[in-house]
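These notebook entries record what I looked up, one topic at a time.

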Amino acid sequence: MSGLKSGVLRTVDVARRAGYSVQQIRNLERDGVLPPTTRTASGYRVYGEGHLRSALAYRALAAGVGPVEAKEIVRAAHRFPVSGAVLALLDAAHARLDAERGELRRAEEAARAISAEPIDDVRASDSMHVSELAAALGVRPSTLRHWDAEGLVVPDRDPARGARRYTPAQVRDARIVHQLRRAGYRIAPLRALVPELRRARRTEELAAALAARDADLAARSRALLDAAAALGALLASTAQGRPPADTP
């Protein structure tokens, strides 16, 4: 493919500069993340700087908010370049990250306090039924049953009726799992983490888990900063009415 004007890009050029494969660039165009392209007489796609800016903005946004929301924001940048729609979506993403960070801080404080609580002089009457623990945590009983099925917090069983009964140690585990879930931990990572929390290094392991979550939030925040710059460049060019690509 030759004879392209200066500033006109091939699919492979956009892919390389955006850090994607050629097929991914085609998929982004198909999904409306990149503006429609023109084609040469021989049928090759022709891209411009607007397509590259769109791909870069999407890449940064996907790292910060995930691919589904990233597509929504970049599509909005194409449809409403001079309105506040894109800024509102970006503000909402920042607000959710801020809320997650607040939840993480509260989880860190609560988990440290819970882990340090002594469990002494345990009596049978200290155990809790599933409905009692659910009410204490503010979750549904089905949530505790799900945690049981996933091996996160496995209670004892009443020998007479087979009903779930949570010992004080299991109640403490449930409280920690509850805080970690509120801080954004998914079931699969927790399934690997909880056995470590029950061992002697409970406090250290819990601190490491929360630190990993904090690092993830920081990475997503940095990605949103990069996305804001890329979106700013995209909005500026789109609002000025420059076409996404030059015609060869």
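**Entry 1: two helices**

At what angle do helix α6 and helix α7 pack, and how far apart are their axes? I found that α6 (residues 130-137) and α7 (residues 141-149) pack at an angle of about 110°, with their axes 8 Å apart. Axes here are lines fitted to C-alpha atoms, for helices over the stretch in contact, and angles run from 0 to 180 degrees between N-to-C directions. This angle makes α6 roughly perpendicular to α7; the scale counts angles under 35 degrees as roughly parallel, over 145 as roughly antiparallel, 65 to 115 as roughly perpendicular and the rest as oblique.

I then listed the residues that make the contact (heavy atoms within 4.5 Å). From α6 they are Val130, Leu133, Ala134 and Leu137, and from α7 they are Pro141, Leu144, Arg145 and Trp147. Sorted by class, this contact has seven nonpolar, no polar and one charged residues. In this sorting, Ala, Val, Leu, Ile, Met, Phe, Trp, Tyr, Cys and Pro count as nonpolar, Asp, Glu, Lys and Arg as charged, and the others, Gly among them, as polar.

**Entry 2: basis of the values**

I note that the model is predicted, that local features need pLDDT of at least 70 and side-chain atom pairs count only at pLDDT 80 or more, while totals for chains, interfaces and linings use all residues. Residues are numbered from 1 along each chain as its sequence is written, and side-chain values use heavy atoms, with hydrogens and water left out.

Helices (H or I, at least four residues) and strands (E, at least two) are DSSP runs, numbered from the N terminus. I read off ten helices and five strands for the protein. Of its 248 residues, 41% count as buried; buried means under 20% relative accessible area, exposed over 50%, and partly exposed in between (1.4 Å probe, protein chains only). Among contacts with a separation of 6 or more, 66% come from residues 24 or more positions apart.

**Entry 3: the buried face of α7**

Which residues of α7 are buried? I found Leu144, Trp147 and Asp148. Seen down the axis of α7, these buried residues fall within an arc of 105°, so they line one face of the helix. The arc is that of the directions from the helix axis to the C-beta atoms. As background, an α-helix has 3.6 residues a turn, so residues three or four places apart point the same way.

I looked at Asp148 separately: its relative accessible area is 14%, and it is therefore buried. Beyond its neighbours within four places in sequence, Asp148 is in contact with Val153, Val154, Pro155, Arg157 and Arg164. Arg164 is 16 residues from Asp148 in sequence, and the two are 9.6 Å apart, C-alpha to C-alpha. Just after α7, I noted that Gly151 takes a positive phi of about 80°.

**Entry 4: a sheet of three strands**

In what order do the strands of the open sheet lie? The order is β3-β5-β4, with antiparallel pairing. Two strands pair if DSSP finds at least two bridges between them. Strands β3 (128-129) and β4 (156-157) stand at the edges, each with a single partner strand, so one side of each is left without a neighbour in the sheet.

Two bridges join β3 to β5 (residues 164-166), and His129 stands opposite Arg165 in β5. Ser127 is found in the loop between α5 (85-116) and β3. At 15% relative accessibility, I count Ser127 as buried. Apart from its neighbours within four places in sequence, Ser127 is in contact with Glu132, Arg165, Tyr166 and Thr167.

At the other edge, Asp156 lies in β4. Is Asp156 buried or partly exposed? With a relative accessible area of 39%, Asp156 is partly exposed. Not counting residues up to four places away in sequence, Asp156 touches Ala163, Arg164, Arg165, Thr167 and Gln170.

**Entry 5: a residue of α5**

Val86 is buried, with a relative accessible area of 2%. Leaving out residues up to four places away in sequence, Val86 touches Ile73, Ala76, Ala77, Phe80, Leu231 and Leu235. Ala76 is ten residues from Val86 along the chain, and their C-alpha atoms are separated by 5.9 Å.
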